[in-house]
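I am opening a notebook page on this model. The entries below follow the order in which I looked things up.

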Amino acid sequence: MAENLLVVLSASRPAGWCFGPILFGIGLIHSRSIPKSRTMLTKAGFQVISLSFPLCIVVFGINDIYDYESDIINPRKLASSLEGGVIPPVYHPILRVVAHVSTLFILCISLMTLNLQNVLSTALLVFLGWQYSAPPFRLKEIPVVDSLTNGAIVFLTWFVGYSFGRGRLQELPDKGVILSFCAAGTHALGAAVDVESDIASGQTTIATAFGRRTAAIFGVASL
């Protein structure tokens with residue numbers, strides 16, 4: 001039991017638990033409508049929690065399951081790092097269970113807001129979290145789309161906070177879109193740096209498909 005817990009925690013990348021809550025907070029601030037009532041503060045608190053470990057285990061845990069074959073020959077994964085380690089197949093079932101439970105938790109918390117745009121953006125966020133690594137789409141293996149998906153995940157996490165504060169898509173500030181493109185560009189630049197490791201492990205990225213220079217140009221242009 002303790003060993004399973006440690007594996008799940010490792011797969012969730014604890015260092016990344018703060019990213020979702022921070023993006024939610026930025027979106028909430030950009031909405032210019034900070035919750036003041038105890039009820040709304042409680043709902044906001046629960047949604048912040050849902051975007052920490054639960055979202056991370058969906059995004060990173062599912063990635064560890066479907067990337068196992070490439071991870072075992074990936075130099076970056078063989079060493080303990082912020083990217084996590086190689087999760088043996090024996091632990092994959094428990095990761096799936098926790099990811100499914102976390103998905104339900106994230107969606108149920110969103111439904112509590114009674115906010116359609118919040119619910120829809122949360123549902124799309126979770127969908128991309130799964131389909132970034134899992135079939136049938138496995139978006140991380142589609143050059144350019146891999147970087148854009150990273151940007152979309154950042155944007156949707158931000159938008160969950162923005163919509164919670166009653167911000168509307170029709171009144172979307174440029175800041176959220178800029179944040180999304182910056183995330184996409186950062187991903188592309190990371191792919192350019194890691195191109196040798198990705199080639200060695202058989203991963204398809206914007207850099208392995210179009211070359212390091214193209215990935216770097218795309219990354220800089222997106223920032």
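Where does Pro136 lie? I found Pro136 in the loop between H8 and helix H9 (145–164). Helices here are DSSP runs of H or I with at least four residues, strands are runs of E with at least two, and both are numbered from the N terminus.

Before going on, I note that this is a predicted model, in which local features need pLDDT of at least 70 and side-chain atom pairs count only at pLDDT 80 or more, while totals for chains, interfaces and linings use all residues. Residues are numbered from 1 along each chain as its sequence is written, and side-chain values use heavy atoms, with hydrogens and water left out.

**Entry: the H8–H9 loop.** I checked the peptide bond from Pro135 to Pro136 and found it cis, with omega near 15°. Arg138 is also placed in the loop between H8 and H9. Its phi is near 40°, a positive value in a residue other than glycine. Arg138 counts as buried because its relative accessibility is 18%; buried means under 20% relative accessible area, exposed over 50%, and partly exposed in between (1.4 Å probe, protein chains only).

**Entry: Asn115.** I looked up Asn115 next, in the loop between helix H7 (92–111) and helix H8 (116–131). With a relative accessibility of 4%, Asn115 counts as buried. I then listed its polar contacts, meaning pairs of N or O atoms within 3.5 Å; within protein, one atom must be able to donate a hydrogen and the other to accept it, and residues adjacent in sequence count only if both atoms are side-chain atoms. The Asn115 side chain reaches the backbone nitrogen of Gln117 at 3.1 Å, and that of Asn118 at 3.1 Å. Setting aside neighbours within four places in sequence, I find Asn115 in contact (heavy atoms within 4.5 Å) with Ser163, Phe164, Arg166 and Arg168.

**Entry: Arg166.** I followed up this partner of Asn115. Arg166 sits in the loop between H9 and helix H10 (174–193). It is not a glycine, yet its phi is positive, about 70°. At 41% relative accessibility, Arg166 counts as partly exposed.

**Entry: helix H1.** Which residues of H1 (residues 2–11) are buried? I noted Val7, Val8 and Ala11. Seen down the axis of H1, the buried residues fall within an arc of 100°, so they line one face of the helix; the arc is taken from the directions from the helix axis to the C-beta atoms. These buried residues pack against helix H4 (53–66) and H7. On the other side of H1, I found Ala2, Leu5 and Leu6 exposed. Just after H1, Arg13 takes a positive phi of about 55°.
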